[in-house]
Amino acid sequence: MDTRSGFHHSLELLQTELLQMGSSVEKLIHQAVESLSQLDEGQAQQIIERDDLIDDYLTTIDELCLRLIALQQPMASDLRIIGTALKIATDLERIADHAVDIARVTLRFAGETLVKPLEIIPQMADIAKEMLRESLLAYTERNVHRAAALAEKDDQVDKLYSSIMQEVIGLMGTELSRNRQLTHLLLVAHFLERVADHATNIGEGVIYMVTGKRKDLNV
């Protein structure tokens, strides 16, 4: 295998690792919100334990990228591809951290009943998961338009976040335990809003990777 073929093979391996990491992270977000909706402490604990798997992906991707830079000495566009992969992996790891944050909220609610069925939070989660999938598709397709379209979905998540803030304020009363739970539900919404932001960051990275120009989608 010549040097260039070896380089492309390594890039393919890097992309495979990223997509597997992304799929695992998306599942964690789905399961975290599900654990909260059902107050499933066992599932929440499993999510916390699986965070190590995501950290392992990050380590593997870091090593692949550093090896590519050290051995291949990539230029211009190739270097942007590697740098973007590193950034995507970091964003994915932070999304996984937010899944763990949500799982920990589930554990804090042990023995309680939700003050109301979750409605807006699952909506936010669905859009955020879709954004994550779209951002990774944009990466694999080198598709700038797909990446730029993430901005509109991020706006949808922001609007839902504003809605849940208003809802929580309206539900606040004098009962401390109720207020504590409502505050934690607002935190969950904030975590999902950050997940959407990280997916948008991936989109920005894709645009830079393809064009060499930076574009802020989070405005």
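Helices here are DSSP runs of H or I with at least four residues, numbered from the N terminus. E26 is buried, at 18% relative accessible area. Beyond neighbours within four places in sequence, I found E26 in contact with K129, L132 and R133. Contact means heavy atoms within 4.5 Å.

The model is predicted, so I kept its limits in view: local features need pLDDT of at least 70, side-chain atom pairs need 80 or more, and totals for chains, interfaces and linings use all residues. Numbering runs from 1 along each chain as its sequence is written, and side-chain values use heavy atoms, without hydrogens and water.

Next entry: T106, in helix α3 (residues 76-108). T106 is buried, with 1% relative accessible area. Its contacts, leaving aside neighbours within four places in sequence, include A32, S35, L36 and L39.

I then turned to L39 itself, in the loop between α1 and α2 (41-72). L39 is not a glycine, yet its phi is positive, about 50°. Most residues other than glycine have a negative phi. L39 counts as partly exposed, at 22% relative accessibility.

R142 sits in the loop between α4 (120-141) and α5 (144-148). Its phi is positive too, near 55°. R142 is partly exposed, at 31%. The charged end of R142 lies over the ring of Y139, 5.0 Å from the ring centre. That label needs NZ of Lys or CZ of Arg within 6 Å of the ring centre and within 35 degrees of the ring normal. I noted R214 over the face of Y208 as well, 4.0 Å from the ring centre.

Last, the helix pair. Helix α7 (residues 176-211) has 36 residues and spans 52 Å from first C-alpha to last, close to the 52 Å expected. The expected span is 1.5 Å times one less than the number of residues. G212 follows α7 and has a positive phi, near 80°.

How are α6 and α7 oriented to each other? They are roughly antiparallel, a term for angles over 145 degrees. Helix α6 (residues 150-171) packs on α7 at about 170°, with axes 10 Å apart. Axes are lines fitted to C-alpha atoms over the stretch in contact, and angles run from 0 to 180 degrees between N-to-C directions. Among the contact residues I listed Y161 and I164 of α6 and L186 and H190 of α7.

Key. Helix = DSSP H or I, 4+ residues; strand = E, 2+ residues; numbered from the N terminus. Buried < 20%, exposed > 50% of the residue type's maximum accessible area, 1.4 Å probe, protein only. Parallel < 35°, antiparallel > 145°, perpendicular 65-115°, else oblique.
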